[in-house]
Amino acid sequence: MANIRPFSAYRPAPGLESKIAALPYDVYNREEATEEAKRNPDSFLAIDRAETGFGPEVDTYAEEVYRRAASLLQQWISQGRFVKEGQPCYYLYELTMNGRSQTGIVACASIDDYRDNVIKKHENTRADKEQDRIRHVDVCNMQTGPIFLAYRADPVLRDVIRAVKEESPACAFVSEDGVGHKVWVIREEESAFSMIRRQFQQMDSIYIADGHHRCASAVKVGLMRRAANPDYTGEEEFNYFLSVLFPDEELHIMDYNRVVKDLKGYNKETFLEKISQGFLVVKAPEAPYRPEGKGQFGMFLDGEWYRLTARPSILSGDAVDGLDVSLLQNHLLGPILGIEDPKTDKRIDFVGGIRGLEELERRVRREQGAYMGEEAHTREGKGLAVAFSLYPTSMEELFAVADAGRLMPPKSTWFEPKLRSGLFLHALD
């Protein structure tokens, strides 16, 4: 039974939504975040990435960075840039990208549901990345970035959402990247209010689609607050974390591609011979090549695109080993190119499908740039990089891995569009 409850959100004052709403903090590096904050001083990045207010001499994770985030947040609230809802509500958040819409229910999920595996994960988290958001949430006393959750589509909730969206939204705007955003507020006196809570109470599984680190951090802050308040009742806001829950039928997972900086000393001919043991290798019918189904991969090598098809001998019915990302890792990247731990190996880079396959070509050519004009290096394979395009992981595969209590390889899913930060804030008291 999932405990998904309403809350009194802090939301941007009317008219400020488009200025404040920002892409998630972790899609930017420090330089990019700083440039964006300079370009738009009203962007929530100023709070989510408060190091943008300091020079490069101040460490990203310095204590004064978190203090600045909390101070700036309270300043914006006192200035009326954020307004708190007068009562606990549910909210709808619709995002429209390239003509496709997805509508999520904005609410708070229970840290106990996370601990009891009602809310299921499919990725590991890193302690260092968790620590940043733990400190940010704790010092700000506010959850500022929603967790992207998914549930199996429910016909009752589908009808509830459709009925609510017949009313005018509380806010609507199009962000600079062309994504449309709309928000509706669902108050207690409305019939949809009780129906939402009831339908989630009948679900035994909800899934983290994106935001594993934000989720783990929110849970750990809640546990810290429990330890500091041993008489807690379980109703306190710190027992819950900010979430947006979407039906699986509306979600779109894009490809998450790979670039490897060298061939581990192989020349082109030897490398092709090596990979042909697990994959049928042919010249791609088109360039750039996007795989057409499971078990197919594109490969950009030495200025040419190839199509790789996994041979039956390496296919697997296992929930994890049968994933395309696993086939590539277990039968090519690891044993042939020596990428044993893709989370830490500096020779591999990951490129989200939103950047297009041309970005793979650009990355490969950039890696080879140091060897331009040195024909002998290229002939021996020393100057060759390689890129792989993948067929996207499906929601069914994500659910199967999570239901089995297993974990996907890193960088298995790329969701678009990205939820904006700053549209909904959840105070911990």
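I took a disulfide to be a pair of cysteine sulfur atoms within 2.5 Å. This is a predicted model, in which local features need pLDDT of at least 70 and side-chain atom pairs count only at pLDDT 80 or more, while totals for chains, interfaces and linings use all residues. Residues are numbered from 1 along each chain as its sequence is written, and side-chain values use heavy atoms, with hydrogens and water left out.

**Cysteines.** I found zero disulfides. The sulfur of Cys171 lies 14 Å from its closest cysteine sulfur, in Cys89, too far for a bond. For Cys215 the closest cysteine sulfur, in Cys108, is 12 Å away, also too far for a bond. Cys215 is buried at 0% relative accessible area (buried is under 20%, exposed over 50%, partly exposed in between; 1.4 Å probe, protein chains only).

**Salt bridges.** I counted 35 across the whole structure, each a side-chain nitrogen of Lys or Arg within 4 Å of a carboxyl oxygen of Asp or Glu. Arg49 pairs with Glu51, with closest N and O atoms 2.5 Å apart. Arg49 is buried at 9% relative accessibility, and Glu51 is buried at 3%.

I next noted Lys268 and Glu304, whose closest N and O atoms are 3.3 Å apart. This pair links distant parts of the chain, with Lys268 in helix H10 and Glu304 in strand E17 (residues 304-310), 36 residues apart; helices (H or I, at least four residues) and strands (E, at least two) are DSSP runs, numbered from the N terminus. Salt bridges with shared partners join Lys268, Lys283, Asp302 and Glu304 into one network.
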